[in-house]
Amino acid sequence: MAETALAQVMAELAELEDPKTREVNEKHGDDHGVNLSKLRALAKRLKTQQELAWQLWKTDDTAARLLALLICRPKAFERDELDVMLREARTPKVHDWLVNYVVKKNPHSEELRLAWSADPDPVVASAGWALTTERVAKKPEGLDLEGLLDVIEAEMKDAPDRLQWAMNHCLAQIGIEHAEYRTRAIEIGERLEVLKDYPTSPGCTSPFAPIWIDEMVRRKGAK
C-alpha cells in the first residue's frame, strides 16, 4: 500500500510541475517547479502520514521532500534522524522548512540548536542560529544575549551567505525584542554594514539590521 501511495503522490507532483515556476525557483537555489500553494493543498488533502512522509523524503526529490515536511509528525523524529535530514537537505527551501516546520516542534530542538550552532559546516550552523533566533524571540531565559552579540560582531561580516543571513536575523531579533541590547545591536549592524545594500521590494522591510530593528520597534509601538 505504501509503495502504491508513494507512486500516486509522485505522479501528482509530476503533474504539478511547471517550467516557469522551476525557472523562478532555480534562481533561489531550489530545484523544483511546483507552486507552493498547490503543494500545500495536496498536503492538506493527504493529511498527516508519517510513513508516507519518510518515503517521500527518501526519494531525494525537492518537491517530494517539501511535501514530506508538511505531512509528517514533527515530534516523531529522533534527534539523530533530524541531524541526518538536515545534512541531506540540499536546497534552501527544504532546509528552511525542515527547521521551521519540524525541528522547532521537536523535543530535541534545544539539543540540536547547541550542536548545530557549533558545527563547522556553515549551512548546518545556520540552522543552529535559526533556532537561536526563535529562542531570542520566544524563550530568551538562559540565553547569553551579550555573548551572542559578541560572536555576531566578531564573525558575521566574513561568514558564508546562509550563515551570515541567519546571524543577521538573530542580531535584528535581539534588537527588536530586548530594549537593553537595542543600541548595541544597531551599532553592530551599522559598523558591519551586512546586507546594507540588499535589494528590497517596495512595501518590504530591509534586512539591514538597523532599519529592520527600527521598523519593527516602530510597528510594535504603533499597536
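What follows is a short chat about how to read some features of this predicted model.

Me: Before we start, what should I know about the numbering and the model?

Reply: Residues are counted from 1 along each chain as its sequence is written, and side-chain values use heavy atoms, with hydrogens and water left out. The model is predicted, so local features need pLDDT of at least 70 and side-chain atom pairs count only at pLDDT 80 or more, while totals for chains, interfaces and linings use all residues.

Me: Okay, how many aromatic pairs does the structure hold?

Reply: Rings of Phe, Tyr and Trp (its six-membered ring) pair if their centres lie within 6.5 Å; planes under 30 degrees apart count as stacked, over 60 as edge-to-face and the rest as tilted. The structure holds 3 aromatic pairs. One of them joins Trp-54 and Phe-77, edge-to-face, with 5.4 Å centre to centre and 70° between the planes. Helices here are DSSP runs (H or I, at least four residues), numbered from the N terminus.

Me: Is Phe-77 buried or exposed?

Reply: Buried means under 20% relative accessible area, exposed over 50%, and partly exposed in between (1.4 Å probe, protein chains only). Phe-77 counts as buried because its relative accessibility is 5%.

Me: Which residues touch the most other members of the largest nonpolar core?

Reply: In soluble globular proteins, nonpolar side chains tend to be buried together. A nonpolar core is a set of buried Ala, Val, Leu, Ile, Met, Phe, Trp, Tyr and Cys residues joined through side-chain atoms within 4.5 Å. The largest one here has 36 residues, and Leu-56, Leu-67 and Leu-98 touch the most other members. Helix 5 gives the largest share of this core, 7 residues. Contact means heavy atoms within 4.5 Å. Leaving out residues up to four places away in sequence, Leu-98 touches Trp-57, Leu-69, Leu-82, Met-85, Leu-86 and Val-103. There's also a second, separate core of 28 residues, including Leu-148 and Ile-186.

Me: Where do the buried residues of helix 8 sit around its axis?

Reply: In helix 8, Ser-109, Leu-112, Arg-113 and Trp-116 are buried. Seen down the helix axis, they fall within an arc of 105° (taken from the directions from the axis to the C-beta atoms), so they line one face of the helix. Their cover includes helix 6 and helix 9. Glu-110, also in helix 8, is partly exposed because its relative accessible area is 29%.

Me: Which side chain has a polar contact with that of Asp-119?

Reply: A polar contact is a pair of N or O atoms within 3.5 Å; within protein, one must be able to donate a hydrogen and the other to accept it, and residues adjacent in sequence count only if both atoms are side-chain atoms. Here the partner is Arg-87, at 2.7 Å.

Key
Helix = DSSP H or I, 4+ residues; strand = E, 2+ residues; numbered from the N terminus.
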